Amino acid sequence: MRAAVQHETGQDKLEVLDDIEAVGFGPGKVKIRIRATGLCHSDLSAMNGVLPQPAPFVPGHEGAGEILDVGDGVTGLDRGDRVLMCWLPACGSCPSCRRGQTHLCLAGFMNAGTPNFRRPGGDVFGFAGTGTFAEEVVVAANCAVPIPDDVPYEIAALIGCGVTTGLGAALNTAQVEAASSVAVIGCGGVGISVIQGAKACGAAQIIAVDPVPARREAALRFGATEAVAPEEFADAKARITAGEGFDYVFEVVGKSATARTAYEMTRRGGTLCVVGAGAMDDTFQVNMFELFFDEKRILPSLYGGADVLRSYERAIALWRAGRIDLEGLITHRVQLTEVNDALDQMRSGTALRTCIEL
């Protein structure tokens, strides 16, 4: 079968090979035929080494498809079922799961060290234990979440990561209040989903901050009340909040510099929500006096900050009701052989989400 492979960390191009085999099928596992997968910025971060990932590997973790085969002991799933990929499944029995914080379960991360694929040259890993830039993948059964028949594969794929992450940051982690002021730094697919979540919460003002004009224009279509370039952000703070700062500021870039800007743009007693995935050696600093005196809440948000299965259901319900636009997030569609075009589209900022159709 075909898959896009990163041979070494740091390479900026993927090689599409046709000698890949999905491995590991057996009890408790399912084999999935991937039909659509989104390119998430986390894939780029794994490729360039910002996020740890053993190589060689197949990127992709935002996918959907149909089940080809079901291993012994698997219940609730059958051949032919339409599913989305959950890259962070809950085991149900660890301390985090027992506390109800299933999105913090580490069981899924354990899969990242086990190869998902094989080719004549040796083992190949799947990013985040998945690897959806492939025609087929074998994963644990709890990674496969059934989707209703009216949800297209490309929409389900986005719900599998970017949409759930962005919506959840606003609805679950920050719990944006109605009539509040919100700023979102970084308006790719996840940032746009934060904007839609803030709009669904009833925020009065939603300021989108991004250096790419096309993304600023897109943010306005998805619910931002104003969109500014980074150098205009301070003026927007002074003009909109009388210099006090925003009630909620979301950092969706994953860099300490933008997190620091977000902190400074948050009002005293307000909330800074960190959504972007950054590097282990990039340190965000706050001095002890301002931490105490300003009483700003600093809330990291991992995968939407709540039970992902419930978050999937809520995203589908909001989409069905017309409260959020998911089709509009897909600005480009490519075939697997054009995956490097998709990478260029994300790096340049021309794409919110590129859907790779398999």
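The second largest cavity in this predicted model has a volume of about 30 Å³. A cavity here is a set of points, on a 1 Å grid over the protein atoms alone, where a 1.4 Å probe fits but cannot get out, and lining residues have an atom within 4 Å of a point. Grid points are joined across faces, edges and corners, and a volume is the space filled by probe spheres set on the points. The model is a prediction in which local features need pLDDT of at least 70 and side-chain atom pairs count only at pLDDT 80 or more, while totals for chains, interfaces and linings use all residues. Residues are numbered from 1 along each chain as its sequence is written, and side-chain values use heavy atoms, with hydrogens and water left out.

**Cavities and a pocket**

Let's stay with that cavity for a moment. Its lining consists of Glu62, Leu158, Gly162, Val163, Gly189, Ser193, Leu329 and Arg353.

The largest cavity is lined by Val163, Thr164, Leu167, Gly168, Leu171, Ser311, Arg314, Ala315 and Leu318. Helix 5 (162–173) and helix 11 each supply at least two residues of that lining, and helix 5 has the largest share, with five residues.

There is also open space to look at. A pocket is an open set of grid points with protein on both sides within 12 Å along at least five of seven lines. The second largest pocket is lined by 19 residues, and Asn142, Val145, Val308, Leu309 and Tyr312 lie nearest its centre. Strand 11 (144–146) and helix 11 (308–320) are the elements that give two or more residues to this lining, and helix 11 gives the most, with five residues.

The table sets out volumes and lining classes. Ala, Val, Leu, Ile, Met, Phe, Trp, Tyr, Cys and Pro count as nonpolar, Asp, Glu, Lys and Arg as charged, and the others, Gly among them, as polar.

| Space | Volume | Lining residues by class |
|---|---|---|
| Largest cavity | about 50 Å³ | five nonpolar, three polar, one charged |
| Second largest cavity | about 30 Å³ | three nonpolar, three polar, two charged |
| Second largest pocket | about 290 Å³ | 14 nonpolar, three polar, two charged |

The domain assignment of the chain gives domain 1 (3–161 + 306–357) and domain 2 (166–300), with bounds that come from an automatic or database domain assignment. Their centres, taken over C-alpha atoms, are separated by 27 Å. The contact takes 19 residues from domain 1 and 19 residues from domain 2, where contact means heavy atoms within 4.5 Å.

Between them, the domains bury about 1500 Å², 61% of it on carbon and sulfur atoms. Buried area is the accessible area (1.4 Å probe) that two parts lose on being put together, summed over both. Which residues of domain 1 lose the most area to domain 2? They are Arg314, Leu329 and Leu352, together 29% of what that side buries. Arg314 is also one of the residues lining the largest cavity, while Leu329 is among those lining the second largest cavity. The lining of the largest cavity draws at least three residues from each of the two domains.

**Salt bridges**

Side chains of opposite charge can pair when their charged atoms come close. A salt bridge is a side-chain nitrogen of Lys or Arg within 4 Å of a carboxyl oxygen of Asp or Glu. The count comes to 17 salt bridges, yet the count between domain 1 and domain 2 is zero. Glu21 lies in strand 3 (residues 21–22) and Arg118 in strand 8 (residues 117–119), so the pair ties together parts that are 97 residues apart in sequence.

**Some individual residues**

Leu299 lies in strand 17 (residues 297–300). Not counting residues up to four places away in sequence, Leu299 touches Thr173, Ala174, Thr271, Leu272, Cys273 and Val274.

Most residues other than glycine have a negative phi, and most peptide bonds are trans. Two places in the backbone are worth a look with that in mind. Gln175 has a positive phi of about 50 degrees although it is not a glycine, and Gln175 is found in the loop between helix 5 and strand 12 (181–185). The peptide bond from Ala55 to Pro56 is cis, with omega near 0 degrees. Pro56 is found in the loop between helix 1 (41–47) and strand 5 (57–58).

Conventions: Helices (H or I, at least four residues) and strands (E, at least two) are DSSP runs, numbered from the N terminus.
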